[in-house]
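The sequence and the model come first.

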Amino acid sequence: MALIILGCFLTLCYWQYGNLKSWFLSAKYSDVELTEQIQANKDKVDDLLKQYGGTTIRDFTFAEEEQIRKGEITPDEAMILLTVPQSADHVLDTGNGSKDDAKTSELQKQQEAVIGRHIATLYGLKSDYLAKLGKLERETAAAYQALPKEEQNAFAKDKIVAGSLAKAAALENSCDRQVDEVLAALQKDLQAYDGDPAIVQILKEAYKNEKSLKKAYYLQRFQ
């Protein structure tokens with residue numbers, strides 16, 4: 001029954017606040033195929049980020065995100081998993097170069113530090129959002145289960161789920177707003193260090209794509 005409540009909760013959330021792309025994807029692909037697409041999107045972004053220097057933090061895997069959502073690990077515990085060692089071939093050799101080379105290398109390191117810091121912030125926002133959404137899901141299911149058996153019906157279920165929709169929408173809107181703020185700050189910092197702003201659009205598109213795929217996954221799974 002708790003799974004049914006969760007399914008209704010997610011489906012109603014994404015019906016009311018989602019988009020047509022997610023519904024199209026949920027009808028076209030299985031949950032396994034959508035999981036593979038979600039991970040492929042993450043891998044693509046990780047590969048693109050490598051082109052912008054020695055990013056030392058990776059994205060969560062789909063399985064890790066599910067652990068966060070289910071409350072199996074905390075956001076802080078999840079963030080510890082993301083640090084990846086910097087490869088030896090990325091170490092910048094400035095010992096025998098000219099002053100211009102050294103200046104360029106230092107500027108590159110500053111750009112990479114800026115990118116890494118903002119990406120870590122984005123992943124932190126994601127982990128916090130997933131944890132809060134998962135908690136809301138469990139609270140919704142628990143509220144229904146707490147009703148006397150004779151009151152556990154479709155009307156009561158819909159009423160409880162509807163009461164959680166505004167909270168779910170507020171969580172998503174808050175996360176969207178914070179992501180926009182981080183990306184705006186990243187673009188501003190990159191301009192200060194003469195960095196390539198294209199990474200901002202890459203991250204923005206990746207965020208939108210993953211949201212659509214995640215919504216489609218839950219819709220497909222629980223419809």
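A residue counts as buried when its relative accessible area is under 20%, as exposed when that value is over 50%, and as partly exposed in between. Phe62, with a relative accessible area of 8%, is therefore buried. Tyr217 is also buried, at 6% relative accessibility.

**Confidence**

The model is predicted. Mean pLDDT over the chain is 80, and 78% of the residues reach 70 or more. Helix H5 (residues 75-80) has the highest confidence, at a mean of 93, while helix H1 (residues 2-17) has the lowest, at 50. Over residues 87-95 the pLDDT stays under 50, and the model has nine contacts beyond four places in sequence for this stretch. Where pLDDT is low, the predicted coordinates should not be read in detail.

**Salt bridges**

Side chains of opposite charge can pair when their charged atoms come close. The structure holds 16 salt bridges.

| Salt bridge | Distance, N to O |
|---|---|
| Asp59 and Lys42 | 3.3 Å |
| Lys214 and Glu65 | 2.4 Å |
| Lys211 and Asp176 | 3.0 Å |

The side chains of Asp59 and Lys42 meet in a salt bridge of 3.3 Å. This pair links distant parts of the chain: Lys42 sits in helix H3 (31-50) and Asp59 in the loop between helix H3 and helix H4 (62-69), 17 residues apart.

In the second pair, Lys214 and Glu65 form a salt bridge with N and O 2.4 Å apart. Leaving out residues up to four places away in sequence, Lys214 touches Ile38, Phe62, Glu65 and Leu130.

Lys211 is partly exposed, with a relative accessible area of 21%.

Which residues are linked in a network of salt bridges? The network holds Lys42, Asp59, Glu65, Lys126, Glu210 and Lys214.

**Arg69**

Arg69 is found in helix H4 and counts as buried, at 4% relative accessibility. The Arg69 side chain makes a polar contact of 2.9 Å with the side chain of Glu66. Another polar contact, of 2.7 Å, joins the side chains of Arg69 and Glu137.

**Aromatic pairs**

The whole structure contains two aromatic pairs. One of them is Phe62 with Tyr217, an edge-to-face pair with 5.0 Å from centre to centre and 75 degrees between the planes. Phe62 is in helix H4 and Tyr217 in helix H8, 155 residues apart, and the pair thus connects distant parts of the chain.

**Nonpolar cores**

The largest nonpolar core has 29 residues, among which Leu186, Ile199 and Leu203 touch the most other members. H3, helix H6 (99-145), H7 and H8 are the elements that give two or more residues to this core. H6 gives the most, with ten residues.

With which residues is Leu203 in contact, leaving aside its neighbours within four places in sequence? They are Val45, Leu49, Ile119, Leu122, Leu183 and Leu186.

A second, separate core has eight residues, including Phe62, Ala216, Tyr217 and Tyr218. Phe62 and Tyr217 of this core are the partners of the edge-to-face pair described above. Phe62 is also one of the residues that Lys214 touches.

Terms used:
Residues are numbered from 1 along each chain as its sequence is written. Side-chain values use heavy atoms; hydrogens and water are left out. A salt bridge is a side-chain nitrogen of Lys or Arg within 4 Å of a carboxyl oxygen of Asp or Glu. Helices (H or I, at least four residues) and strands (E, at least two) are DSSP runs, numbered from the N terminus. Buried means under 20% relative accessible area, exposed over 50%, partly exposed in between (1.4 Å probe, protein chains only). Rings of Phe, Tyr and Trp (its six-membered ring) pair if their centres lie within 6.5 Å; planes under 30 degrees apart count as stacked, over 60 as edge-to-face and the rest as tilted. pLDDT is the predictor's confidence in each residue, from 0 to 100. Contact means heavy atoms within 4.5 Å. A polar contact is a pair of N or O atoms within 3.5 Å; within protein, one must be able to donate a hydrogen and the other to accept it, and residues adjacent in sequence count only if both atoms are side-chain atoms. A nonpolar core is a set of buried Ala, Val, Leu, Ile, Met, Phe, Trp, Tyr and Cys residues joined through side-chain atoms within 4.5 Å.
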